[in-house]
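Dear colleague,

Please read them with the structure open beside you.

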Amino acid sequence: MRTAPTILHLDMDAFFASVEQASKPSLRGKAVVVGGLGPRGVVATASYEARVLGVHSAMPMGQARRLAPNAAYLVPRFGLYKAISDQVMELLRALSPLVEPLSLDEAFVDLEAGGVAWDEASARLAGVRLRADIRAVTGLTGSVGLAASKMLAKIASEQAKPDGLVVIQPGTERAMLAPMPVRTLPGVGPATGDHLRRAGITTVEDIVEAGEDELVRLLGKAHGHGLYAMALARDDRPVTAEREAKSVSVEDTYDVDIHDRLRVGLEVQRLADRCVRRLRGAGLSGRTIVLKVRRFDFSTLTRSETLRGPTDDPGVIREAAARLLDSVDTTGGVRLLGVGVTGLADYTQEDLFAQAAGARVSTERAVEEHAMAPAEEQPVFAGRRWPAGHDVRHAEFGHGWVQGSGLGRVTVRFETPGSEPGRVRTFRTDDPDLEPADPLPLVLPGQDKGRGPKDETGASRLRPVAQYTDADG
Ligand code: TTP
Ligand code: MG
Ligand code: MG
């Protein structure tokens, strides 16, 4: 492990909700909940003002409404969040070629590889500057953790939240980790946490005391071994730059359909080996093995199997491909075969034990899917939807956002990121003067910290940014 805290972890604060607050001056300092507003909707995130009331990510929306009846409830605008995320990631890439994004609002950066930090002082300075730059460019706050390993940098940024920076000095890691709950360690989700708790292990110190053999007995070889190392603060995982390819695959089309089942099996093995060579050549490993079969009648099917953890082992991938082939009827002949590996993301982000139990569903993904669905549940009038929180433009009153709609009316608050909190007006949902609009940039060029002088000329001077399109439609 390195001896200086030069691995940086950034995570934006209450990301979706903060973007909404930056975009809507009347919501700053207020409880804001972003998520699916339909009957099955769940909270994607809540502003810190709403968290005080007990609202948090993945909570059913009905429960959130009971806890925070006066909060603003908004439908997510993924296009806007992606555009802001791109701005943040660009700032990170200016620091180092080794930037590893984990989600829209989160990434590791190897500051040493970028030559911007080599000791504690230079690392801290880079972190302070980064936070200021993010603020200037996006108007938002992000929290930064600095440590000698990925695991500790992530723990540090969690401690820094919200709007802070924490450096973990090399040498102090083990004492710091000891009293922390096991859930602090990467790879320990709810399922592994419960499993360990039933064995009487609740803190990191308990893991160390239980010993490696006991951990392996409880969690299996790979996971137990890895977790024990993490508990001792041993984490040598490198920061790996964003992977270009989300999957690696190879396929062959045959001049003459293959009928012989044995021959089909051999071809699949050959393709599996070729796929592994590509995978290894790119320095990757993956968790999901995919088999593609196009039959004599051009019907194409894919079968996939997700493993417990990522692999680049030819034996494992060959076996998985063979198992997949078992489930495919090839009697009429085969004209194309393919083998691929996907799921190349950093597996340490997930709960390995839950995966093993076959229960793996990324929370984030689940929430996004739920959050997307309710757009259709929004009131539709004259073919137009007015989802809460989305931007609109009125011929006379300018740019605003939908505060609510129903019973043939839509309430709009007229304000822009750079304006004072605006006024509310109500229209008929089929008002010809009202139309959906693109989000506006949160920070105007040359305007610092997202809060410049009042814009006297109003919204018309703010140029919409073309790539801010919403993904719900
Ligand atoms: P997080 O970084 O986990 O949370 P956050 O940025 O809202 O708050 P914090 O200050 O604690 O970091 O997630 C980033 C965004 O991902 C979040 O704003 C909304 C989305 N998200 C979901 O849609 N569903 C979820 O379950 C979680 C955890 C996040
Ligand atoms: Mg965040
Ligand atoms: Mg995050």
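Of the 473 residues of the chain, 40% count as buried, a residue being buried if 20 or more other C-beta atoms lie within 10 Å of its own, exposed if 12 or fewer, and partly exposed in between, with C-beta atoms placed from the backbone. This is a predicted model, in which local features need pLDDT of at least 70 and side-chain atom pairs count only at pLDDT 80 or more, while totals for chains, interfaces and linings use all residues. Residues are numbered from 1 along each chain as its sequence is written, and chains are lettered from A and ligands numbered from 1 in the order in which they are written.

The secondary structure comes to 15 helices and 19 strands; these are DSSP runs numbered from the N terminus, with helices (H or I) of at least four residues and strands (E) of at least two. Among the contacts in the chain with a separation of 6 or more, 64% are between residues 24 or more positions apart, where a contact requires C-beta atoms, placed from the backbone, within 7 Å.

Leaving aside neighbours within four places in sequence, L8 is in contact with F108, V109, L111, G127, V144, L146 and A153.

Helix α6 (residues 150–160) is largely enclosed by the rest of the structure, because 9 of its 11 residues are buried. L152 and A156 are among these buried residues, which pack against β1 (7–12), β6 (106–110), β7 (142–147), β8 (165–167), α7 (173–177) and α11 (221–231).

Helix α4 also meets helix α1 (residues 15–23): their axes, which are lines fitted to C-alpha atoms over the stretch in contact, with angles running from 0 to 180 degrees between N-to-C directions, come within 10 Å and cross at roughly 95 degrees. The contact is made by F15, F16 and V19 of α1 and L80, Y81 and I84 of α4.

Strand β15 (residues 391–394) pairs with β16 over 4 bridges, D391 standing opposite W401, and 3 residues lie between the two strands in their hairpin. Strands β16 and β17 are joined by 5 bridges, with G406 opposite R409, whereas β17 (residues 409–414) and β18 pair over 6 bridges, in which R413 has V424 as its bridge partner.

One residue deserves a separate look. L407 is found in the loop between β16 (398–406) and β17, in a hairpin with 2 residues between the strands, where L407 takes a positive phi near 50 degrees. L407 counts as exposed, with 7 C-beta neighbours inside 10 Å, and its C-alpha atom is separated by 8.8 Å from that of T429, 22 residues apart along the chain.

With best wishes

Conventions: Two residues are in contact if their C-beta atoms, placed from the backbone, lie within 7 Å. Two strands pair if DSSP finds at least two bridges between them.
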